[in-house]
Amino acid sequence: MADADEREVARLDAEPRPTPTTPRSGQEMQENRVSKHPQATIPESDVSLADIERSQSHPVRWAFCCILALAALVFPYWAGRTFAVRHTAQIVQRFANVDPRGIALVAWAVTLFAFVSLAMMIVERRKIPWFASFVVFLCGEQFISGVSLLKFDFWHSTYVMYGDSARIANAANLGIIAASIALAVFAVVWVGLLVAIRKDSPLNVLTHVWTSMLLWLVFEVVALLIVMFGGMLTIV
């Protein structure tokens with residue numbers, strides 16, 4: 001076995017080694033080839049890069065997802081408002097003894113889970129489960145918004161609809177608004193960190209994906225605590 005290896009090494013050493021050549025004219029430079037391999041190492045194909053990108057785009061799937069998200073944004077809100085108009089007395093009777101802090105917590109949690117599902121759909125490779133979660137929580141958030149008559153000056157509408165029991169609807173609106181404002185503030189702070197922190201700085205860890213998610217949750221919890229214990233539930 002050793003003799004065979006030695007003969008193979010001797011045969012390779014006996015082969016002439018290629019000598020580098022330098023082109024002396026433009027014509028020689030044009031004729032100079034990178035590879036002298038007798039056969040191409042990459043098979044020829046009629047598929048272009050545009051064809052590959054087009055096959056991976058899935059426009060029908062994206063259109064279906066956009067339509068489904070739009071439906072989840074519109075129809076649950078309409079259903080919630082219709083339910084509030086037709087069953088106002090039942091809503092007031094059912095939630096008369098419920099603590100407004102609990103209502104604010106539920107509305108905040110549903111809104112936060114919808115935002116988290118959307119963020120995870122962007123970050124993770126498996127997008128379908130997170131998109132389904134986003135649609136479900138979006139439907140829940142929009143239904144709560146419809147029942148609580150969420151809009152810019154919601155406290156007038158809730159008082160007209162629910163009277164002295166408007167604190168329940170107001171608490172739900174404040175929970176949704178708290179989650180949304182916390183996300184907006186975090187987005188501004190995160191963009192500022194991207195601009196201000198250098199890539200070689202130790203603080204650059206704050207811009208990593210999971211660290212940013214934890215920082216976002218901190219903003220969300222602070223917003224919830226302000227709503228629940230900052231006196232906002234009694235103001236509106």
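**Note on the predicted model: helices, ring pairs and nonpolar cores**

1. Leu-73 is found in helix α4, which covers residues 59-86; helices (H or I, at least four residues) and strands (E, at least two) are DSSP runs, numbered from the N terminus. The model is a predicted one, in which local features need pLDDT of at least 70 and side-chain atom pairs count only at pLDDT 80 or more, while totals for chains, interfaces and linings use all residues. Residues are numbered from 1 along each chain as its sequence is written, and side-chain values use heavy atoms, with hydrogens and water left out.

2. Leu-73 is partly exposed, at a relative accessible area of 40% (buried means under 20%, exposed over 50%, partly exposed in between; 1.4 Å probe, protein chains only). Not counting residues up to four places away in sequence, Leu-73 touches Leu-138 and Gln-142, contact being heavy atoms within 4.5 Å. Leu-73 and Glu-141 are 68 residues apart in sequence, and their C-alpha atoms are 9.0 Å apart in space.

3. The UniProt record, an unreviewed entry, places "transmembrane region" features at residues 62-79, 103-123, 130-152, 172-197 and 209-235. These positions follow the numbering used here, feature names are shortened, and annotations may be inferred rather than shown by experiment. In the model, residues 62-79 are 100% helix and 0% strand, with end C-alpha atoms 26 Å apart. Residues 130-152 are 78% helix and 0% strand, and their end C-alpha atoms lie 30 Å apart.

4. The largest nonpolar core has 27 residues; such a core is a set of buried Ala, Val, Leu, Ile, Met, Phe, Trp, Tyr and Cys residues joined through side-chain atoms within 4.5 Å. The residues with the most contacts inside this core are Trp-108, Val-116, Met-213, Trp-216, Val-227 and Leu-233. Helices α6 (100-123), α9 (166-196) and α10 (209-229) each supply at least two of its residues. Leaving aside neighbours within four places in sequence, Val-116 is in contact with Met-213 and Trp-216. Another core, of eight residues, lies apart from the largest one and includes Ala-72, Phe-131, Phe-134 and Val-135.

5. Five aromatic pairs are found in the whole structure. Rings of Phe, Tyr and Trp (its six-membered ring) pair if their centres lie within 6.5 Å; planes under 30 degrees apart count as stacked, over 60 as edge-to-face and the rest as tilted. Phe-154 and Trp-155 have ring centres 5.2 Å apart and planes at 75°, so this pair is edge-to-face. Phe-154 is buried, at 3% relative accessible area, whereas Trp-155 is partly exposed, at 36%. Ring pairs also link Phe-186, Trp-216 and Phe-219 into a cluster.
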